[in-house]
Amino acid sequence: MQYGKFSNDAREYIITRPDTPTPWINYISNLRGYCGIVSQTGGGFSFHKDPRERRITKYRYNNIPVDRPGRYFYIKDMETGEFWSPTWQPVMKTPDSYECRHGQGYTIITSSYQGVEHQVSYFVPQEDDCEIWQLKIVNRSGKTRKLTVVPYSEFTFWSEPESRNIQWSMHLTRCMFADDMVLYNFIEPHPAFDMAENKNYVGDRPGLAFMAINKMVLDYDCSRDAFIGMYYSETNPVGLRNARLSNSIIRGGVACAALRTEITIEPGTEEVINVTLGFASDKREATRLRNKYSSTAKTAMALQIVQKAWSDYLGTFQAETPDKDFNTIVNVWNQYQCKTTFDWSRYISFYENGEGRGMGTRDSCQDTLAVSAQMPERVKERIFQILSTTQFDTGDCYHQFFPLGGKGELKGFSDDHLWLVQMVYAYIAETGDIAILDEKVPYADSKKKDSVYAHLAAALNYTERMKGSHGLPLILTADWNDTLHLWMESDKPESVLAGELYVYALKLMARLAEKKKSKDATMFLKRAGKMADVINGKCWDGKWYYRGFGGETIGTHKSRRAKIFLNSQTWGVISGAADAERAKAGMDSVNRLLASEEGIKKVWPPFEKYDQTFGLISRYNSGRKENGIFAHANAWAIIAEALLNRPDTAYEYYKSILPYKNNSTAEVLKTEPYVFCQTICSNDSITPGEGANSWLTGTAAWMYVAATQYILGIKPDLEGLKIEPRIPSEWAGYRVKRLFRGCMYHIEVKRTGKASMKLNGDAIQGGIIPPSSAKMARIAVEI
Ligand code: GLC
């Protein structure tokens with residue numbers, strides 16, 4: 001079934017019926033860290049800088065309906081007493097018309113009910129810590145209508161996630177109505193108590209949350225229970241069944257903001273109501289924001305600024321290929337998703353509760369790979385942040401960190417630190433900022449400062465020291481695959497993937513060392529050669545690479561289950577560790593045993609029951625999560641096929657997990673057709689093709705890298721922009737506009753059968769365009 005489509009310019013996804021198979025959401029946020037998640041029915045919640053430490057509105061996990069509560073308006077006809085919501089939820093009166101447009105940084109839901117047309121716009125202004133909900137009402141009923149309008153939102157327990165200590169936090173809330181606003185305050189934590197309760201508390205004043213409207217407030221509720229009523233829900237709140245709200249306040253309990261106003265609207269005329277909800281350091285700041293956004297002209301301008309910022313962002317890369325879906329995803333939605341993963345890693349969505357995960361170290365490193373052309377300064381800041389908050393002077397890293405607490409958590413993984421090298425290398429390749437290697441940055445656990453280069457070398461030295469009896473890196477807690485917990489009594493488990501990631505990082509580091517004219521380059525390459533020898537000498541199963549050693553050989557045809565794993569084949573190719581024949585043979589096995597219509601399985605045959613040797617991965621139901629199709633890892637198969645110069649297979653793999661391919665069968669994928677999801681159920685499950693964990697996934701960054709740097713083949717490197725298209729044979733060529741180090745390149749690739757490259761009409765040898773001081777240049781490529 002189809003629930004929507006892209007707008008003609010692909011900048012919006014238009015949902016045409018509200019009952020999508022899962023909430024189809026959008027992230028509305030700004031650079032200051034105010035962020036909201038909004039669904040196609042106005043559901044969702046907000047937080048400021050850190051969803052664990054400073055949550056603003058309520059997120060009820062595993063709720064049904066999933067996306068409640070939200071940012072709701074109630075509209076009531078004062079003559080008939082009937083009330084409804086312009087976003088369908090929560091009252092759920094079937095609208096006469098409905099449409100939700102998710103765009104970059106905003107969502108607009110239009111609907112009509114009994115002659116009243118509404119348009120609700122949600123967005124977050126660039127320069128303020130608040131969100132705007134704007135309701136436009138047009139009376140098309142031919143008669144004067146008297147309407148009550150109530151915007152409603154439920155506040156949360158602030159820095160104290162409610163699941164942790166609800167009997168306690170319930171008594172710390174205060175919410176009241178003052179100066180025509182609802183002001184909500186979670187009583188400031190006591191430092192001594194807080195340190196024990198909440199390790200990540202940062203010590204700044206929590207401030208307050210507020211809600212205001214630009215109309216006369218006739219009455220209000222600050223108590224959720226007073227507004228909704230015990231044993232009712234957002235669908236039929238007492239507040240709407242009564243003529244007035246109860247002017248409740250709270251000193252302990254669950255806080256909300258419900259503000260009631262009335263409008264009389266003549267036929268054919270329009271009324272606009274602006275709601276401002278946000279975070280402010282004090283009442284004065286809240287008043288400033290309320291006053292600013294009570295002006296409809298100012299809110300319109302604020303929305304235009306959001307839209308302009310996104311046009312500029314997307315303008316750094318635009319492709320025109322024969323495949324419209326490819327263009328839509330690469331030019332708009334994949335870039336948009338990559339910015340969202342850069343901001344929030346795997347922290348908060350309708351699949352991650354925003355308490356425990358924080359910003360993953362390896363995840364965040366990977367997320368930078370797809371945004372450094374668009375926002376190099378922010379990537380540079382992130383590099384410093386990750387090195388200083390997660391890396392120990394021993395070279396290894398915390399597994400995750402928190403934006404507000406600034407501290408890391410969990411350690412003992414075999415790969416987190418290896419991704420640092422890829423992140424820094426990609427940033428330098430994009431920007432040419434080789435000087436970053438000499439910048440001094442502290443470690444997480446000591447005041448000692450070291451150059452970025454020394455940080456990276458320490459990361460590599462750590463892996464060099466942590467090898468097992470076969471000569472591969474120890475897997476420790478896990479490698480990239482968080483749920484592969486290899487276990488053995490007698491020896492220490494080792495990982496082929498970590499070995500390949502190590503080879504790759506060593507090679508990149510050797511190139512950085514060469515740039516610095518350091519002798520280390522030879523040493524790094526020597527180590528890479530040695531590790532590749534181990535991989536080829538001890539880890540080849542005949543038709544593919546093993547996955548590791550953990551009491552038994554992991555990933556061999558001799559096993560009954562989990563005979564072959566995807567990652568050790570793909571990274572064998574990407575790292576260059578695999579010798580040429582095995583690189584092809586490993587990927588042929590992937591094609592034969594793992595590839596399917598729904599995507600490429602991560603392991604085959606899947607686990608069917610718990611197996612201590614493998615740990616958590618074997619607990620997943622067959623065909624699900626890491627025991628199914630892990631979309632993130634599919635992107636590496638595309639890259640590997642491109643590197644093997646098999647562009648048609650690369651493209652086929654790309655298309656197989658493109659979310660939009662399911663647009664007319666959305667009930668199968670269930671998640672949004674405009675963003676990648678982390679995992680897709682394989683045909684070993686009972687729901688093949690079902691997606692989960694949309695939005696926050698490494699799939700976003702890697703699919704962008706796969707599409708732009710490998711299929712289109714436009715890859716920034718230390719010496720310049722490398723152009724090596726590996727496009728499907730059915731394409732006659734493509735055009736791309738790509739900003740690189742200040743110059744906008746207009747690239748045109750044509751399939752002519754000749755191999756040539758010209759920069760502004762002059763032949764270029766070697767496929768690399770050197771950086772240019774010009775603002776614009778033309779590159780013509782024939783393949
Ligand atoms: C999740 C984690 C990521 C991990 C992957 C595979 O996406 O966020 O860190 O690499 O799962 O286990």
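**Entry 1: the ligand**

I count a residue as near a molecule when one of its heavy atoms lies within 4 Å of it. The model I am reading is a predicted one, in which local features need pLDDT of at least 70 and side-chain atom pairs count only at pLDDT 80 or more, while totals for chains, interfaces and linings use all residues. Residues are numbered from 1 along each chain as its sequence is written, and side-chain values use heavy atoms, with hydrogens and water left out.

With that rule I looked up what surrounds the ligand, and I noted R346, R357, R362, D363, W480, N481, D482, E626, F630 and Q678. I then sorted this shell by class, with Ala, Val, Leu, Ile, Met, Phe, Trp, Tyr, Cys and Pro as nonpolar, Asp, Glu, Lys and Arg as charged, and the others, Gly among them, as polar. The shell has 6 charged, 2 polar and 2 nonpolar residues.

Next I looked for polar contacts, meaning pairs of N or O atoms within 3.5 Å; within protein, one atom must be able to donate a hydrogen and the other to accept it, and residues adjacent in sequence count only if both atoms are side-chain atoms. The side chain of R357 has an N or O atom 2.7 Å from an oxygen atom of the ligand, and a polar side-chain atom of D363 also lies 2.7 Å from a ligand oxygen. For Q678, I found 3.1 Å between a side-chain N or O atom and an oxygen atom of the ligand. Taken alone the ligand exposes 310 Å², of which the protein buries 97%; these areas come from the Shrake-Rupley method with a 1.4 Å probe.

Helices (H or I, at least four residues) and strands (E, at least two) are DSSP runs, numbered from the N terminus. I followed α7 through residues 324-344, which makes 21 residues, and its first and last C-alpha atoms are 29 Å apart, close to the 30 Å expected; the expected span is 1.5 Å times one less than the number of residues. I also noted a kink of about 45° centred on V330, where the bend is the angle between axes fitted to the seven residues ending there and the seven starting there.

Just after α7, S345 has a positive phi of about 45°.

I then checked burial, where buried means under 20% relative accessible area, exposed over 50% and partly exposed in between (1.4 Å probe, protein chains only). In α7, 19 of the 21 residues are buried, so this helix is largely enclosed by the rest of the structure. In α8 (residues 361-368), 8 of the 8 residues are buried, so α8 too is largely enclosed; among them are R362 and D363, which I had already listed around the ligand.

**Entry 2: single residues**

In helix α13 (residues 520-538) I looked up R527, which is buried at 15% relative accessible area and whose side chain makes a polar contact of 2.7 Å with the side chain of N461.

Most residues other than glycine have a negative phi, and most peptide bonds are trans. M92, with phi near 65°, is partly exposed at 38%. A cis peptide bond joins Q89 and P90, with omega about 0°, and the bond from W604 to P605 is cis with omega near -15°.
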